[in-house]
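Come along while I look up a few things.

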Amino acid sequence: MKKIGLLYVKGSLPMFETFGNLPTHILKNNGMVNGKKAHKELDGLIIPGGSIIESESVKNTLMIEIRKIEREGKFIFGMCSGFQLLANQTDIGRKSPCAIEKKGLGILDVSFSPMIGTDRVEAEIIDNSFLTEDLVGNKITGFHCHTYGNITGNAKPVLTSNVKRTDYTNDPRELLSGVRNDEGNVVGVMVHGALDENTSLVENILKFLDCNEDNILSIKNNNQKLLNQIKREVGIETGVKVKENISNISYNDSYPRIIMMASTGSDSGKTFITTGLTGILKKRGYKVGVLKVGPDIRDIVPSLYLNKEKMERFSSIKIGSLGWKDLFDVLEDIKGHNYDIIIIEGVMSVFTGILNEKIPFSSAEIAMASNIPVLMVSPCNKGGIETAAVDIAAHVDRMDKLGINTAGVILNKVYDEKIAESTFKFIKSKTGIDFLTLVPKVKITERGNMPEVEIKLEDFCLNAMKTVEKYLDVDKILELAAKPKFKEYMEYKEILNRFSS
């Protein structure tokens, strides 16, 4: 039987993509598979993305095994953070005045530095390797989801991606996105979904392993068992088990319930609360979908880490020219995925972009066009609790004028619960909203609230789950979610009139 390992350590994203349904065995930090050393047991290894480098979760025993797999000529496929693990080093100091370098294994002679990419991409194969044999000149599809996407070094290039944007700026160009070692048995790529979307790459891996029909069938069967095993846990090595699915509802011909997490501005904690809510619902046995308004899909990565769901083509809702897929098409796509609930994370403030003449260009317009109820988050860390209360009341007033259903209000990063509770009477009198709650300020030493700073996924996610479970009424949020109903986008003149009235 052919055995393909999947690196499974804290900070890795084993279900972010399914890797062509190839992995059959889990490889953990002890470097063992079935009680034997990995290099003796495995025929190849897949190293997923995530925050493996930032988390520093790969220990020396495992590093030795990975090097031995490479030296024996077996294949290694590294994706994103897995690619960075195989490289010389990664500078994760995006928010630092000087480099913060994390060492890799040095198997691939390249280094990484900050550059954000979140495009759907087309990439060209430019050299042979175990992955790309006889495919030079062909193009593949996938997506970028990177903070440290700038690659420099001497390893042989195998892929270049055509990107539209980097670092939040329109900058169409061709980027190096994949390399190989001299022997061609180790490849690192930055095109997520490469194996899921391009069967020719999967076929090359199977050919490299000299697989016959029985081997292929065995791989597929063992892969399904592996995926089921992985999905029984929330996150990785958290000890949080998933209850058996409690709904068993088929939504093939109708929409699941949806709720949007929006806010009064950036750095509000939308991602933190969305992550915690996703984890708790997953723990309870719900199938949860998580989408992002706009292109920055990195925001929903922590939710996918807990949820064990992959990034989908519909995960990013297009606003203007930014993002992946139009709202109508997204809603049609989610019908067949049997989600119990979908959480949409908004972008910046709910109103950011609403007065741009491009339609739609804001989270508000997405909610308006599909009758999606909104949970509004107002942070108390900048102007104080009183200002957060006034800010949320003003936002809800404008949302009401636009016909948006504000289902609830969350005061976040609260530093004094007594003061926060004192503002509830004011908020309720101004908005009429009954679902009012507060979330205290949570200290997370390893990460801020923005995606482009150093992150340890497991710490961030577990803190989010504990916070949501303690302070939010999850059952009430389930009740507030509603099935969408798409209608035409409001015209710019009408938006301007209602917003200004």
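**Entry 1: salt bridges.** Before counting, I wrote down what I was looking for: a salt bridge is a side-chain nitrogen of Lys or Arg within 4 Å of a carboxyl oxygen of Asp or Glu. I also reminded myself that this is a predicted model. How many salt bridges does the structure hold? My search came back with 23.

**Entry 2: two pairs.** I looked up Arg173 and found its salt bridge with Asp171, where the closest N and O atoms are 2.8 Å apart. Arg173 is partly exposed at 32% relative accessible area, and Asp171 is partly exposed too, at 29%.

Next came Lys74, whose side chain meets that of Glu72 in a salt bridge, at 3.6 Å from N to O. Are these two buried or exposed? Lys74 counts as buried, with 17% relative accessibility, whereas Glu72 is partly exposed at 47%.

**Entry 3: a link between helices.** I then turned to Glu469 and Lys283, whose side chains form a salt bridge of 3.4 Å, N to O. What does this pair tie together? Glu469 sits in helix H14 and Lys283 in helix H8 (residues 270-283), so the bridge joins parts that lie 186 residues apart in sequence. Both ends are partly exposed: Glu469 has a relative accessible area of 44%, and Lys283 has 29%.

**Entry 4: a network.** I also noted Lys3, Lys36 and Glu41, which are linked in a network of salt bridges.

**Entry 5: the cores.** I moved on to the nonpolar residues. The largest nonpolar core has 115 residues, and Ile66, Phe77 and Leu195 have the most contacts inside it. Which element gives this core its largest share? Helix H14 (residues 457-471) does, with six residues.

Setting aside neighbours within four places in sequence, I found Leu195 in contact with several residues, including Phe19, Leu22, Ile46, Phe77, Leu131 and Ile205. Apart from this core lies another one, of 48 residues, with Val330, Ala367, Met368 and Val409 among them.

**Entry 6: cysteines.** How many disulfides does the whole structure have? I searched and found zero. Cys145 is buried, at 8% relative accessibility. I checked Cys211 as well, and it is buried with a relative accessible area of 18%.

Definitions and conventions:
Residues numbered from 1 in each chain as written. Predicted model: local features only at pLDDT ≥ 70, side-chain atom pairs only at ≥ 80, totals over all residues. Heavy atoms only, no water. Core = buried A, V, L, I, M, F, W, Y, C linked by side-chain atoms within 4.5 Å. Buried < 20%, exposed > 50% of the residue type's maximum accessible area, 1.4 Å probe, protein only. Helix = DSSP H or I, 4+ residues; strand = E, 2+ residues; numbered from the N terminus. Contact = heavy atoms within 4.5 Å. Disulfide = S-S within 2.5 Å.
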